[in-house]
Amino acid sequence: MQYESPLKKSISERDLDYISSESGVSKNVAVNLIDLFDASMTVPFISRYRKEKIQIADELKVQKVKELCDYIFELNARKKTILSTIKDQNKLTDSLQKKIESVYLKSELEDLYLPFKPKRKTKASVARDKGLSGLALLLIDSQIIGEPISLAIKFLDENENNCPPQEALEGAGYILAEEFSENSEVRKKARDFLRENGVIIVSSAEEWADKRSKFEKYYNFTEKINNIPSHRYLAIARGEREKVLKTSITSVKDSYSFELSTLLYDDNHPRKLYLDTILDDALKRLIIPSIELDIRLELKKKSELEAVEIFSKNLESLLLSPPAGPMKLMAVDPGYKTGCKTVVLDEIGNIVEDFVFFSVGSKKMLGDSAKKIFDSAKKHSVKAIVIGNGTASRETEELVKKTIEGEDIVITIISEAGASVYSASKTGREEFPDKDVTVRGAVSIGRRFQDPLSELVKIDPKAIGVGQYQHDVNQVLLKSKLDSVVISVVNRVGVDLNIASYHLLKYVSGIGETLAKNIVEHRTKNGIFKNRKDLMNVRMYGEKAFQQSAGFLRIKGHEEPLDSTGIHPESYFIVKNISEDLGKSVPEMISRNDLLSSISPEKYTTEAFGLPTVIDIISELKNPGRDPRKDFQIFLFNEDVSDISDVKPSMTLDGVVTNVTNFGVFVDIGVHIDGLVHISEMSNHYISKPEEFISVGKKVKVKVISVDQVLKRINLSMKALEKKGERKRKKKKKSLAESVEQLKKKWGSR
């Protein structure tokens with residue numbers, strides 16, 4: 001059976017079995033998903049609004065099926081090319097065709113194709129040109145009795161070949177060695193053996209033997225290749241690339257040629273000893289070097305996938321950082337020589353004022369700076385002062401605290417990773433063409449406090465600093481994965497149609513960059529959108545784009561109350577039916593849990609919209625436009641620790657997780673150098689994957705284990721403080737929402 005998609009991507013029954021097995025969804029769900037993909041529906045839209053079709057498979061599984069479909073399509077195209085090439089050579093048998101069609105590993109597919117590949121000049125091809133293929137056939141034939149040299153002499157006499165017997169025997173051996181090396185079963189068994197028993201041996205390059213380097217712990221290192229973690233392999237690969245290390249892969253077991261020989265000739269073959277020497281030659285000269293290259297590629301791919309997955313999870317956590325919300329604030333990009341670049345932003349991130357002050361210097365300079373800060377904060381009624389965590393951040397924090405002591409203004413330090421990239425980017429120049437790069441950097445810091453997601457989408461994820469060896473992995477794969485994460489988060493959170501930049505809108509399901517710019521252009525010329533239907537007036541915005549995007553776009557406080565929710569316009573009629581049955585208008589019904597809890601969802605299902613959709617609708621009515629991000633919490637570093645020189649063993653400090661790797665987590669403790677909590681120091685319980693235990697942005701308490709002032713390294717532990725710290729933090733921290741409410745009351749009374 002063939003499943004023919006509208007896009008002519010032919011997927012066989014066997015392919016569907018593979019997709020189902022690898023993704024964990026049923027074949028029926030896989031078929032439904034392929035239909036939806038071919039109808040140009042996006043992963044977020046399918047996951048949210050087509051649950052009936054996919055039987056509530058989660059978004060990760062939907063994405064996995066999509067990736068598998070793309071892989072199968074690419075693999076099948078390669079199979080088609082290979083089959084065509086072999087057929088043109090008149091060498092395609094039914095058995096070979098079935099083998100090619102049934103394989104799903106690219107390495108095994110290429111093994112099957114290897115004997116038929118156009119070949120460069122080899123020792124075997126030279127021997128064939130000398131007419132020695134027939135001798136090779138005689139030597140491998142177990143029915144023929146005789147010593148190799150006597151068979152060679154007889155063959156040369158019968159074929160009037162003037163080649164010397166010993167040279168002929170050697171040439172025939174080259175032909176057999178090449179054929180042995182191209183046997184797909186031999187290659188598979190050799191590859192599996194090396195995967196299971198191989199070790200990577202690492203040493204320093206000769207010129208680095210007596211020199212120190214960041215790779216010195218690998219100068220004399222071995223590890224089984226099936227145990228080596230991704231971060232370690234990527235580090236070794238980088239060391240080799242930088243010519244500091246050299247590596248090789250070998251087996252921890254003795255020769256396995258006997259296991260391979262049984263695939264090629266019988267144990268009682270009359271010329272077994274001769275053939276054993278040919279197999280040894282094939283292994284050393286042809287099979288092992290090729291298989292080692294395959295294994296290295298597999299290790300690289302596996303390590304890249306793990307690194308990309310960790311990066312993706314870190315990015316997701318960062319993008320889901322709690323927003324402080326709309327408020328007037330002062331944002332500071334701190335510095336020594338050039339001063340602290342400062343902006344005041346209004347509630348939606350527009351610049352109200354910008355200036356520079358100095359956090360170090362003479363008393364007069366500091367006094368002038370304090371006046372600038374105080375006067376600006378009072379003039380614009382700022383509710384918070386946000387300081388980037390770069391150079392001079394702690395000195396700046398100290399000056400600001402002294403300046404506004406007694407005032408009801410929140411002070412906090414946040415990560416400024418990527419702000420400098422944004423400030424010099426095309427996006428930064430487009431938004432603030434008349435402002436200096438330093439001013440743009442301060443704007444980025446302030447806006448990411450108000451709404452991290454809206455601002456961070458403007459920065460290349462690789463520049464945000466939450467990856468592991470991100471520059472060493474496949475950049476196409478990395479970009480694809482990170483884009484998927486951004487798209488997923490943006491659509492999960494939802495986008496305010498009337499204030500979102502095109503940088504944010506372009507990630508909304510079904511929109512893209514061109515439509516995003518058209519939406520912003522339409523909004524600028526015609527004013528804000530009053531309802532979702534107004535989108536149809538946007539240039540190039542059609543029915544398909546509306547279907548895919550409308551549910552993820554929010555319009556607050558206008559004509560249609562449902563436009564502020566995650567309910568899709570295609571199912572508004574269900575809400576109207578519920579409203580009529582309850583005898584309440586839609587606005588009266590929204591957020592009324594007592595009314596909505598009495599509803600029987602089954603009553604409102606239709607042929608197109610089943611129980612999952614109705615349940616989602618009711619849930620959305622109970623919590624309209626619910627933001628999946630948590631409440632913002634104010635965070636303060638320890639006041640008496642602002643430089644690495646202040647950090648001492650046994651200290652207990654507050655910190656923020658800035659990066660999660662598979663060997664541990666990095667924590668910002670406010671001294672401009674992130675400390676490392678090794679995986680063994682993360683918990684009193686065993687942890688295999690740090691990303692499943694903790695996430696970027698989490699506030700933690702850590703204990704200092706050791707400090708290396710020379711190498712600027714800080715080793716931390718979370719073990720003993722794991723539970724105790726959590727309890728204290730819950731008592732100590734209050735949400736920004738609570739702080740802002742207090743501030744509003746106080747500011748409002750003045």
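Q: How far apart are the mean positions of the positive and negative charges?
A: In the protein chain, the mean positions of the 118 positive and 111 negative charges are 5 Å apart. Lys and Arg count as positive and Asp and Glu as negative, with His and the chain ends not counted, and each charge is placed at NZ of Lys, CZ of Arg, CG of Asp or CD of Glu. This is a predicted model, in which local features need pLDDT of at least 70, side-chain atom pairs count only at pLDDT 80 or more, and totals for chains, interfaces and linings use all residues. Residues are numbered from 1 along each chain as its sequence is written, and side-chain values use heavy atoms, leaving out hydrogens and water.

Q: OK, rings next: how many aromatic pairs are there?
A: The whole structure has ten aromatic pairs, where rings of Phe, Tyr and Trp (its six-membered ring) pair if their centres lie within 6.5 Å, and planes under 30 degrees apart count as stacked, over 60 as edge-to-face and the rest as tilted. Tyr18 and Tyr104 are stacked because their ring centres are 4.3 Å apart and their planes at 5°.

Q: And which rings form a cluster?
A: Phe45, Tyr49 and Phe552 are linked into a cluster by ring pairs.

Q: Switching to cysteines, how many disulfides are there?
A: There are zero disulfides in the structure, taking a disulfide as a pair of cysteine sulfur atoms within 2.5 Å.

Q: Is Cys340 buried or exposed?
A: Cys340 counts as buried because its relative accessibility is 0%, buried meaning under 20% relative accessible area, exposed over 50% and partly exposed in between (1.4 Å probe, protein chains only). Cys163 also counts as buried, at 11%.
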